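Hi,

Here is the structure I promised to pass on.

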Amino acid sequence: MTEANDSFSPPSLTTLCIDHLKRKLVLGDDAVVAILPDIYELPSHLIDDLISRLPPIGLYNFQLHLPFQDLTKEDCLHDDSTNNKRKRSRDWNLNTAWRKKFELRWPNLINQIQPTDWQKVYWESHVQKCLDEATEKALVTSFKGRIGDIQVSDGTLSYIGFVGLTIQSYRKYSKLSYHCLQFGSHVSCLRLQNILCDTETTRLLKECKLENLVLRCIRSKEQVDGLCKLITQHRRTLTSLEFIHCTVYIDFINAILDSVVSKGVEKHGIKHLSIVSSSFGQCTFAIPSGLESFVSSARSLCSLKLFDSHLGRNFAKALFMTLLDVSSSISVLDLSENEIAGCFSHLNRRLSSGSHLSVGIGKSLQLLRVLNLRGNSLRKEDAESLGYALAYMPNLEDLDISDNPIEDEGIRHLIPHFAGTSGTCCRVTSLKLEACDLSHDGVNRLLDSFSPLNAPLKSLCIAENYLGSKVAGALGRFLSTSIEVLDVAGIDLRSAGFQELQSTLIITEKLKLVKINISKNRGGIETAQFLSKLLLQAPQLVDVNAANNSMPIESLPIISSALKLAQGKVQHLDLTGHKWDYKPEHASLLTEFVHNGKPVLILPLLLATAAPYDHDP
Ligand SMILES: *[C@@H]1O[C@H](CO)[C@@H](O)[C@H](O)[C@H]1NC(C)=O
Ligand SMILES: *[C@@H]1O[C@H](CO)[C@@H](O)[C@H](O)[C@H]1NC(C)=O
C-alpha cells in the first residue's frame with residue numbers, strides 16, 4: 001500500500017485520522033462500524049481520500065454497512081436524505097475503486113473482462129485463488145484434516161489488506177473457511193478439483209450463488225457423491241456444468257441428473273453441459289445411461305460439448321438418435337476429436353425413414369446453430385451423409401469439419417448445400433475445412449460456388465490443404481464476395497499464386513475483408529506486393545498474418561508504404577518467421593505504426609536487439 005507521507009513533511013492530522021480509520025476498517029472493528037454513519041457524511045474529498053487508500057477488505061467493510069445498496073432503483077424512492085446518500089455513493093464511484101483493486105492484483109486479466117460489478121469479480125477471483133491454493137496444499141501433502149482449516153498464503157492475505165495481524169486475528173482470517181463464507185455471496189463461477197468434492201465443501205460454499213461449475217479429475221464414486229451434494233445445494237441457480245479429465249462411470253450422469261432435478265419438478269435448468277477430455281469407460285459402445293434422460297429432462301439445454309472423450313461411432317449414433325427423439329433445444333453441439341466416423345449414415349437412414357412418417361422427427365436438429373466435428377477421421381462417405389443430414393439443420397451457421405480426410409470427393413457432396421443449389425436453405429456463415437486433404441480441384445469448385453450474390457459466408461478456413469498456386473484465380477474471385485475472415489495459411493500458394501492473386505484484384509472494388517491469414521505460403525516478395533494492393537482495397541482490414549513466407553527484407557518498405565498510403569484500420573500485421581538483417585532506418589517502423597499503444601507491425605525478433613535502444617528522452 002502506498003502511504004501518504006512520501007514527502008519529508010510530517011503527516012497532517014487528516015492523514016493520521018484516515019490511516020487510523022483505515023486500520024479499523026480492515027478489521028471490521030465494531031467501534032468503527034458504529035460510527036460509519038457519521039463517516040458516510042464526511043465531505044467528499046475526505047471520503048475519496050479514504051476510499052483510495054483502503055485495501056480491498058477495508059473497502060469491503062466500508063461498503064458492507066452502507067445504508068443504501070441498490071443504486072439502480074433510485075427512481076422508486078423519494079425520500080430526500082436517502083436520495084442524497086444515493087447520489088453521493090455514486091459520486092464516490094465505488095465500482096471504479098473496485099476495478100482499480102482488481103487491476104492491481106490481476107493486471108493481465110483486466111483487459112479480458114468487462115463486468116458490470118467489479119466488486120463481485122474481485123471476490124469471486126479471490127475465493128477461486130484461495131480454493132486453488134488449498135487444493136494444491138491438499139494434493140501435495142496428501143492432506144487429512146478439514147479443508148476449511150487450510151491456511152491461505154500470506155501473499156494472498158496481504159493482497160486483500162491483512163498485513164501485520166495479531167496471532168489471534170491471523171488464526172481467524174487465514175483459514176480458507178473464513179474467505180469462502182465471508183465473500184461467498186459474490187461467487188457464481190468456480191473451478192473445483194476432485195479433492196474439493198466432499199461434504200465439507202458444501203458447507204464452505206453455502207453462501208455462493210453458483211451458476212457455472214467447472215470440475216476437474218472427478219474419478220471416484222465418493223467424489224461424485226460429494227459433488228452431487230454441492231450441486232443439489234445450488235440447483236436453483238446452476239446453469240452450466242463442465243467436466244474435464246473425469247471418468248464418467250456407469251451411474252455418473254444418473255447421479256448428477258438426480259442432483260440437478262428438484263423434487264417434484266421433472267425438468268432441470270442446466271443450459272450448458274460439457275464433458276471434455278474425459279473417459280466414458282465401459283459405456284463407449286452406446287450412450288451412457290443417464291445422458292439420454294439428462295438431455296430429455298432439460299428445460300432448455302442450449303449447448304452440449306463432448307469433445308476429446310473417445311466417444312466412438314456407436315456413442316455418436318445413439319446420441320443423434322436421442323437428439324432426434326427428445327425435442328431438445330440444443331443449438332451448440334461439439335463432438336470434435338472423438339472418432340465418430342460412420343455415425344451419419346445411420347442418422348440418414350433414420351431421417352429418411354422418419355421424414356415422411358412423422359413430422360416431429362428431426363425437430364431437435366432444426367435449432368442447431370453450431371456443429372463441431374473437427375478431428376474425427378471423417379472420410380468422403382461421411383461427408384456425403386453429412387451433406388444429406390445438413391438439410392435437417394436449416395439454422396446451422398457455424399460448421400467445423402477440419403482435420404478430417406474427406407478429400408475433394410467429400411467436399412463435392414457438401415457444395416450443393418453451401419451453394420444453396422440443393423433445394424434447401426443454407427445459413428452457414430462460418431465454414432472450417434482446415435487439413436481436410438483437399439486439392440485445388442475441390443477447393444476451386446467450392447470457391448466458385450459462392451457468387452457475390454448468393455454467398456452468406458463470412459468466414460472460411462481452407463488452411464493446411466496442399467492446394468498450390470492453381471487455387472489463386474478462384475481465391476481472387478472469392479475475395480469479392482461478402483467474406484470477412486479468410487484463413488489460407490499453409491496452402492503453398494508460392495510466388496506464382498500471390499502474383500495471380502494480385503492480378504485478380506480489381507482496383508476500384510472495395511473488399512469486405514477484416515481478417516486474413518496468408519502465412520506459411522512461401523510467397524517471397526510477391527507476398528508483399530499482394531499485401532500492398534490488398535491494404536488499399538480492403539478498408540475494413542484489421543488483422544493480417546503474413547508470417548513464414550520466405551520474404552526478403554526488401555518487402556518491409558513495400559508493406560510500410562502501403563500501410564501509410566492506405567490509412568486503413570490495420571491493428572496487427574504479423575511478419576515474423578523471416579531472417580532479416582535490419583538497417584537503422586527500420587527502427588522507426590515500430591513507432592510509426594501504433595494502435596492502442598502497441599506496434600502494428602510484428603517483426604522478426606532481431607530488430608529489438610539490433611536497434612540501439614535509447615532510454616533517455
Ligand atoms: C492464422 O492466423 C490467425 C491469427 O492471425 C490464427 O488465429 C490462426 O490460427 C492461423 N491459422 C493457422 C492455420 O495457423
Ligand atoms: C512460423 O513458423 C514457425 C516454425 O514452424 C512456427 O513456430 C510459428 O508459429 C509460425 N508463425 C505463424 C504466425 O504461423
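Predicted model: local features only at pLDDT ≥ 70, side-chain atom pairs only at ≥ 80, totals over all residues.

Residues are numbered from 1 along each chain as its sequence is written, chains are lettered from A and ligands numbered from 1 in the order in which they are written, and side-chain values use heavy atoms, with hydrogens and water left out.

Helices here are DSSP runs (H or I, at least four residues), numbered from the N terminus. Their axes are lines fitted to C-alpha atoms over the stretch in contact, with angles from 0 to 180 degrees between N-to-C directions.

Start with H7 (residues 118-140) and H10 (residues 176-183), which pack at about 155 degrees with axes 10 Å apart. That makes the two helices, H7 and H10, roughly antiparallel (over 145 degrees; under 35 is roughly parallel, 65 to 115 roughly perpendicular, and the rest oblique). On the H7 side the contact (heavy atoms within 4.5 Å) uses Trp123, His126, Val127, Cys130, Leu131 and Ala134, and on the H10 side Leu176, His179, Cys180 and Phe183. By class that is eight nonpolar, two polar and no charged residues. For the classes, Ala, Val, Leu, Ile, Met, Phe, Trp, Tyr, Cys and Pro count as nonpolar, Asp, Glu, Lys and Arg as charged, and the others, Gly among them, as polar.

Next come H18 (residues 407-418) and H19 (residues 440-449), whose axes come within 9 Å and cross at roughly 5 degrees, so H18 is roughly parallel to H19. Asp408, Ile411, Arg412, Ile415 and Phe418 of H18 touch Asp441, Gly442, Arg445, Leu446 and Ser449 of H19. This contact of H18 with H19 has four nonpolar, two polar and four charged residues.

For H1 (residues 13-26) and H3 (residues 44-53), the axes come within 10 Å and cross at roughly 50 degrees, so H1 and H3 are oblique to each other.

Finally, what sits around ligand 2? Lys520, Asn545, Ala547, Asn548 and Asp574 do, each with a heavy atom within 4 Å. The shell around ligand 2 divides into one nonpolar, two polar and two charged residues.

Cheers
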